[in-house]
Amino acid sequence: MVDISPVAGVPWWRSAVFYQIYPWSFQDSNGDGIGDLRGIESRLDYLAGTPAALGVDAIWLSPIYPSPMKDFGYDVSDYCDVDSRFGTLTDFDSLLREAHRRGLRIIMDLVLNHTSDQHPWFLESRASRRSAKADWYCWADGKALFRRPSNWNARFGGSSWTWDPSRRQYYLHSFLKEQPDLNWQHEPVRAAMWKVARFWLDRGVDGFRLDAINWLGKDLRWPNNPLRFGLRGYTRQDHRYDRDQAAAHEIMQELRQLVSAYPDAVLIGEAAADTPGGPAAFYGHGGDELHLVFDFRLLKSPWRADRFRRFLSEYVPAIPKGGWPTIVFSNHDQPRHIDRYGKDGDALARARAAALLLFTLPGTPFLYYGEELGMRNARLRYGELRDPYTKRFWPFRPGRDPARTPMQWDGSAQAGFSTGRPWLPLTPEYTRVNVEREIAEPDSLLHLYKQLIALRRASAALSCGDVSLLETNAADCLVYERSARSADGRTERMLIIVNFSGRQLDVNLPERVGQTRLLLSTSCYASQSGPMGKQMRLGPDEGRLIQLDV
Ligand code: GLC
């Protein structure tokens with residue numbers, strides 16, 4: 001693979017732009033209404049390798065392994081194959097080859113905490129207390145007749161314990177009952193899972209996104225969690241014993257060691273918003289755990305300048321040396337950010353300003369398919385829902401299906417996604433919000449994403465430079481500078497200003513910023529370039545990218 005980093009010696013994943021593909025929903029090639037690997041391959045030109053492409057550097061594929069799909073692939077029944085809905089291992093190899101040919105890397109989703117209850121490991125473990133895999137999962141006797149081993153609640157509702165009549169014991173599941181938790185304190189489990197990691201790395205994948213790492217360690221004496229105030233079962237407990245134990249860090253260290261034999265591979269962790277010590281904890285000391293960790297505090301944040309300021313003043317500085325932040329606003333578990341930010345304002349203006357943040361805040365950006373178009377959350381009827389978690393809390397929580405609808409390629413019957421009936425309905429806006437249409441419109445969100453990705457790629461300051469926050473008169477504006485020294489000794493400096501309010505704002509920049517030149521405004525109405533003064537008037541929810549010292 002070519003080195004895409006604009007700064008020599010900087011690992012590729014620091015300056016890369018990642019694109020998350022939810023395989024069910026990207027492109028269907030065989031008319032069954034479900035996306036697949038051949039479909040993804042047929043759309044690679046959209047992502048990379050041609051001048052017209054979006055210009056991303058890596059794809060994160062949500063799980064493609066064989067699965068009963070109770071949790072849409074996060075319940076794996078075979079870690080070393082591809083689910084027949086998505087294709088075959090041969091299709092995967094072809095996708096990987098074609099992606100690499102375009103300079104596009106692929107990272108897989110590795111689900112470590114649990115398997116499907118249909119995985120042969122679990123079938124053997126549940127068969128008898130004397131089976132060779134008896135200790136591969138978290139089994140426990142009840143405390144007394146009909147009393148569960150502890151009060152632990154599952155993330156997706158209900159108790160974390162389910163009674164198994166054949167073993168006459170309970171098994172632990174931190175998510176759905178069809179997702180039994182592996183026992184990571186049992187050495188053969190680690191060995192088996194590390195074999196899986198090598199299987200994919202040897203095949204040529206470029207790293208892993210690690211699912212639900214907070215749950216990898218638990219107190220195997222099963223003490224009750226203390227209770228606290230909360231609205232539903234899961235939040236009514238202080239999760240002191242069922243997650244966030246030291247073992248999770250040991251496991252990440254082991255994996256990091258394994259991956260060090262593959263110098264370019266990247267490890268990206270999914271750490272919950274309430275991880276003790278914040279996501280920073282999973283970078284380890286001296287870089288001995290993960291390369292990148294998602295920050296859910298930013299991912300769940302509303303459209304407020306103080307929240308983003310906090311990201312810069314607190315969360316970024318907390319990351320240990322050698323670590324690097326991530327910037328993510330949407331994924332397959334959260335409502336899309338265009339609606340989260342747009343709840344009480346101009347959704348599109350905010351999505352445009354958010355794009356500027358995504359590509360200029362310090363860290364590696366992750367896009368969720370369709371966000372570059374401004375795809376919205378679908379309003380679904382109960383009968384249309386597929387995800388058990390979404391069904392369980394409907395209509396009180398938005399759930400996950402609304403953000404998982406098919407990619408919108410064009411204005412034709414199924415938006416170019418499938419010739420069959422899509423597994424989830426399209427959003428009604430698809431005739432207007434789609435790739436074909438946005439390619440034709442110079443002011444589209446898609447063009448803004450492309451433009452920002454290109455600017456970022458050409459700028460060491462934006463992709464891997466230092467950051468400093470600037471104080472101004474306007475509390476609703478976030479103002480920060482990115483800077484980097486280039487090989488010829490010159491310092492490149494970029495200033496970013498985002499107005500988080502729905503009003504016009506006058507911002508006075510400090511004298512020391514020097515000469516300014518506007519490179520880009522996220523407002524379709526603003527003048528697009530030219531010299532500027534230290535005082536500027538920003539439109540509602542407008543973001544500006546300004547070059548300094550020109
Ligand atoms: C992660 C995944 C989510 C899944 C859960 C259990 O949070 O992102 O989709 O349901 O883990 O595997």
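Reader: What radius of gyration would a compact globule with 550 residues have, and what value does the protein have?

Author: Please note at the outset that this is a predicted model. A compact globule with 550 residues would have a radius of gyration near 24 Å. The protein has 24 Å, which agrees with that expectation. Along the principal axes, its C-alpha trace spans about 75 × 50 × 45 Å.

Reader: How many helices and strands are there in the protein?

Author: The protein contains 15 helices and 19 strands. Of the contacts with a separation of 6 or more, 68% join residues 24 or more positions apart.

Reader: How does one describe the packing of two helices?

Author: Two packed helices are described by the angle between their axes and by the distance between those axes. Here, helix α4 (residues 89-101) packs with helix α6 (residues 187-203) at an angle of about 50 degrees, and their axes lie 11 Å apart. On α4 the contact is made by L89, F92, D93 and L96, and on α6 by F199, W200 and R203. By class, this contact has 5 nonpolar and 2 charged residues, with no polar ones.

Reader: Is C138 buried or exposed?

Author: Buried means under 20% relative accessible area. C138 has 3%, so this residue is buried. C80, at 27%, counts as partly exposed. In the protein, buried residues make up 62% of the 550 residues.

Reader: How many disulfides does the structure hold?

Author: The structure holds 0 disulfides.

How values were computed: Residues are numbered from 1 along each chain as its sequence is written. This is a predicted model: local features need pLDDT of at least 70, side-chain atom pairs count only at pLDDT 80 or more; totals for chains, interfaces and linings use all residues. Side-chain values use heavy atoms; hydrogens and water are left out. A disulfide is a pair of cysteine sulfur atoms within 2.5 Å. Buried means under 20% relative accessible area, exposed over 50%, partly exposed in between (1.4 Å probe, protein chains only). Axes are lines fitted to C-alpha atoms, for helices over the stretch in contact, and angles run from 0 to 180 degrees between N-to-C directions. Helices (H or I, at least four residues) and strands (E, at least two) are DSSP runs, numbered from the N terminus. Contact means heavy atoms within 4.5 Å. Ala, Val, Leu, Ile, Met, Phe, Trp, Tyr, Cys and Pro count as nonpolar, Asp, Glu, Lys and Arg as charged, and the others, Gly among them, as polar. The radius of gyration is taken over C-alpha atoms; the globule rule is 2.2 Å times the number of residues to the power 0.38.
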